[in-house]
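Please open the model in your viewer and keep a selection panel at hand. The stops below are meant to be followed in order.

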There are 2 protein chains.
Amino acid sequence: VFQLAKSSPKPLGDQLVEQMSSLIESGRLPAGSRLPSVRDLAGRTGVSAYTVTTAFERLLAKGLIESRPGSGHFVASRRALAGSSEVELGLPPSADPALGLARSALDRRNISLPAGSGVLPPAWFNDAIPTSIVSRVCADWAALTMPSPAEGDLILRELVVERLHLRGVPASANNIIMTAGASQAFDLIARTLLCPGDTVLVDDPGYSVLLTRLNAAHVQLVPVPKITEGSALDVLEDMARLHRPRFFFTQTLLHNPTGVTASVANIHGILQLADKYNFLIAEDHAYGDFGSPHLASIAQLDELRRVIYIGSFSKVLCPGMRIGFLAAPSACISPLVDAKVLAVLHGSTLDELVLRELLASGKYRKHLQRLRERVAKARHLANTALRAAGLHPNGVSSDSPFIWARVPDGIDNSRLVAEARERGILLAHGSVFSLTNRSSPYLRFNVAYASDSRLIDFLTARVQVNA
Amino acid sequence: VFQLAKSSPKPLGDQLVEQMSSLIESGRLPAGSRLPSVRDLAGRTGVSAYTVTTAFERLLAKGLIESRPGSGHFVASRRALAGSSEVELGLPPSADPALGLARSALDRRNISLPAGSGVLPPAWFNDAIPTSIVSRVCADWAALTMPSPAEGDLILRELVVERLHLRGVPASANNIIMTAGASQAFDLIARTLLCPGDTVLVDDPGYSVLLTRLNAAHVQLVPVPKITEGSALDVLEDMARLHRPRFFFTQTLLHNPTGVTASVANIHGILQLADKYNFLIAEDHAYGDFGSPHLASIAQLDELRRVIYIGSFSKVLCPGMRIGFLAAPSACISPLVDAKVLAVLHGSTLDELVLRELLASGKYRKHLQRLRERVAKARHLANTALRAAGLHPNGVSSDSPFIWARVPDGIDNSRLVAEARERGILLAHGSVFSLTNRSSPYLRFNVAYASDSRLIDFLTARVQVNA
C-alpha cells in the first residue's frame, strides 16, 4: 500500500511516516490493527530496516501506534483530538500595552514588517552560533547533562568578569549571577530588594516591560526625564529630596528608546546624588555591547558599591538565547540567588555552555564586530528615510539599534499605529515607553526595518498628506 | 620563544594561547608590546595561519591583547584583576534550609556523594541529547536565532498536546505555556493567581522549594497529609471547610519525596471536594514521565476546568535542560503569559527546538525507556541496602527516583545529616519537606546513590551502633 519515491528529495523515512500517519488518521488503518513487522515492511518497501525502525519510533512518539512487547506494533486506540482550528488564532492579546507590544514582537502573527520590534532580524545573526561550537558542547555530555549551579557556570561567570574588567568594572565571579536576559535580572531585583510602597526612580521614556514589572511590585514610580546629556540631574535631585527613593533604574548606555549615552559628567552627577540621598542604582546595560567598550558606566565609577550592573547577551548574540547577567555587591548576591532558585531553580546548561564556548573562542567578539557594522549602516539609511518621509528622528549620534522619532504636529499618533497594524506593520507608540505621556508624539523604530519601502511609503502617504 | 609540541595530544592552537597568555600575565611581554604578524608567527612556529588567527581571537576575547586596525596586535594595557582566591570558596549559603539543599545539590562543591540530591547522575543521561539532533537544530539558524513566542514554540506545544492526549488530558496548544521546568510554572501561578492572605493547601510532606516559594507569596499554607492512597481526604475536607482555600498544590503521581501515586478513587475524592468547596488545583506531574502513561490524573477527570497541570522534561530528559510546561484553562492563559514576559520575556529557543526534535524523532521516548529501567534496578538495590543498614524505607511500590526512609528510634536525624556532610555525603533531612514536622525522622534518598557503599557503610556504622 505504500508508494515510496526514491527519487523524491523527501527522505524515505519521512515519506513512510506521512503515509502511515495518513492511513491511521483517516481511519483506513483502524485502532487495534496489527502493523507488519519491521523486516516484512522493509522487504515490501525496499527501504532499510533501520529506516522502518526509525519511522516506527516517530509514530510511537506521536501516539499513533503502540508497541506490545513480544507481539509487535499496533494502531493505537486514541481519543478524538480536541478541535484545534482555534489554535490558528493564537492566544488572546495582553490587556497591558507594553506586554502587548512585547508579545506581538515575539510572536509576529499577522505582522509582515516588525518596524517597532526590539528584535533585530534573524539574518543578522546567521554567524552567531556556529555548528562547530555547539557540536563541541554536545560532545561533552557529562557537562551538558548536569544542572548548572543556581548562580551560573563558574567558568562562564569568570569570562563575564574578564569582560567587565575591560569596561573597568571591578568584580569577581562571586559578584555575578547569570540570568535569562536582562528581564530576569530586573525581576530578581524587584523580588528581593524592593518592598511595596518603596519609591523607585525610572528613566522617562524608558524600557516599557521594566515599567510594567516595577508597577507589579506595587512601588511608586517617579519619572526622571532623559535628556541629551543623560539624566536630568535637576529633576533627579528634586525627586530624590522629595521622595527618598530606594532605587534608580537607569540605562546610561545606548538608552532604549532614545539612543542617548550619558556623559561621564552626567554619570558622576547621578552617583553624587545617589550618595547624598542614599539610593541604590540598577544600571541596565542590555544594549551596552552595541557601543564602544570604552564608554564609562556608573558601575565603573562606583566600583559596585551601590550599583547593580545588568548585562545581556540576548540582544547582541542572538535573540533566541535567553542569557544575561547581573553584577552586584557581595552582600546582595545570596538573596538574589535564592530568588532565582524560587523562580526557575537554575538556568539552561545548554545556553550557558554554548555562550562559554562563544566567548572563550573569540567567536562572540567577531560576530559583535559584524553586527555593529550592520547597525551603523542601517541606522544611517533609516535616519535619512524617516526624515524624507516627514518624521523627526531625535538626531542623537549613537550605535543604538533604535531610532526615536517624532511625528509632525497634527498627526494622530495612535491612529497612525492602528492603521499601520492593519497593513501588517508593527509600530511602537512612544506612550508605551512613558509613565507620564499618554499621547506621546514619538515612535521607536528598529533600524533594520525603518528604511523598508513598505514602511516609508506608508509613512509618506499618511504623514506628508496630513502635514 | 614558543615551544610547540606537535606530538602532544593538546592542539597546537591551545598550546599557543597558553604560552602567550603566560608570557603576558607574567609581565615578560609588557603592556603595549607589539606582537609578530600572523604570517610571521605562523612561519616561526610552523603552524598554519588559520591556527594563529584563531589563537589571536581567543587572546582578544580574554582581553589580553588588542587589535589596532592597520598596525597589528598589541599586548593590552589592563587593570590588575581583582584578587580571585575568594572565588574558590563560592557564595555564602542560603539562610533557608530548602534553598540551601537545592543550591548544594546543584553546586556540589565539597560533596562526593549527593545521596539526598533531586538530580540523577550525569551518566544516566548520556544518550539524552544526541549530537545529531543538536546539529540538525543548529543547521536551521533562521529558526534558532529567532526569539520564541512568550508562550513557547507552537510546534513544541502541539507535541506536548499529543503527549497529554495519550494521558487522556484534553488540551489544545492554546492551553499550554512552556516554562523553565516545573519551578517556573509554580512561580507564574503564584504571581498571577494567588493574593497575600489566600489560603493554600499543600502536600505534607511536599516539595521543599515549592513550600518556600508559596511562603514568599505571603499566603497561609495548610498541610494535607500524604498517605498510601494519596491525600488524606478527611483532613482535606476539614481544612477546606475551615479555611476556604483558593488552591491545592498536590503531586498525585510519583510524589516527591514519598513515591506515592494516588489511586483513581482518591483523585476522584479530591476533585469532588474541589467542586464542593470551590478551590483550584495545581497538579504537579514533574515526575510523571517516570511512571506508566496509563496512570490517572486529576486533570484527566476534570478536563482542565479547575486544574492547572504542570509537567517537566528536566527531570527525565536531562537536568541541564530547563524545560517544562503548564496546561491551564483558557481563561488563565493570557495573564500567565504576561507574568512570563515580566519574569524572563521568553524562553530559550535553543532548549525549545532541541526538545522539539527529541520528541518528534522518538529519541525522547527511547531515552525514557532506558531511564525507567535504570531507576527500577537502582530502586530495588537501594531499598535492600537501606534496609540492611537499619533504615525503614516506606515500602511504597513506585517508579519514583526517590526513596523515603525512616531512621530508627533513638537516632538524632539532624546529627546524622551533619555527620554525613562532614564526610562529603549530602543527605536530605525529612523536615525540609514538611511544614509541620521540624524534627522528622525521615530522609529522602536518590535511588542512584542510595546503594553506594560509602553511604551504606556510614549508615550502618551510625545507625546500627546506636540502635
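Begin by selecting Ser135(A), which, of the residues of chain A in this predicted model, has the C-alpha that comes closest to the rotation axis, at 3.4 Å. To see which axis is meant, display both chains together: chain A is superposed on chain B by a rotation of 180 degrees with 0.0 Å of shift along the axis, and the RMSD of that superposition is 0.1 Å. The two copies are therefore related as by a two-fold rotation axis. If you next colour the interface, you will find that 100% of the interface residues of chain A are interface residues in chain B as well, so the copies meet through the same surface.

The next selection is the cysteines. How many disulfides are there over all chains? The count comes to zero, and Cys138(A) shows why: its sulfur has that of Cys138(B) as the closest cysteine sulfur, at 7.2 Å, which is too far for a bond when the cut-off is 2.5 Å. Cys318(B) is likewise in no disulfide, since the nearest cysteine sulfur, belonging to Cys138(A), is 10.0 Å away.

Now move to the loop of chain A that runs between strand S7 (247–250) and helix H11 (264–277), where Pro257(A) lies. The peptide bond that joins Asn256(A) and Pro257(A) is cis, with omega at about 15 degrees. Then switch to chain B, where Pro257(B) is found in the loop between strand S7 (247–250) and helix H11 (264–277); here a cis peptide bond joins Asn256(B) and Pro257(B), and omega is about 15 degrees.

Stay in chain B and select Leu254(B), which is also placed in the loop between S7 and H11. Leu254(B) is a residue other than glycine, yet its phi is positive, near 50 degrees. Is Leu254(B) buried or exposed? At 2% relative accessibility, Leu254(B) counts as buried, given that the threshold for this label is under 20%.

The last stop is Leu304(B), in the loop of chain B between helix H12 (298–302) and strand S9 (307–312). Although Leu304(B) is not a glycine, its backbone has a positive phi of about 55 degrees, and with a relative accessibility of 7% this leucine counts as buried.

Key
Residues numbered from 1 in each chain as written. Chains lettered and ligands numbered in written order. Predicted model: local features only at pLDDT ≥ 70, side-chain atom pairs only at ≥ 80, totals over all residues. Heavy atoms only, no water. Least-squares fit on C-alpha atoms with pLDDT ≥ 70 in both. Contact = heavy atoms within 4.5 Å. Helix = DSSP H or I, 4+ residues; strand = E, 2+ residues; numbered from the N terminus. Buried < 20%, exposed > 50% of the residue type's maximum accessible area, 1.4 Å probe, protein only.
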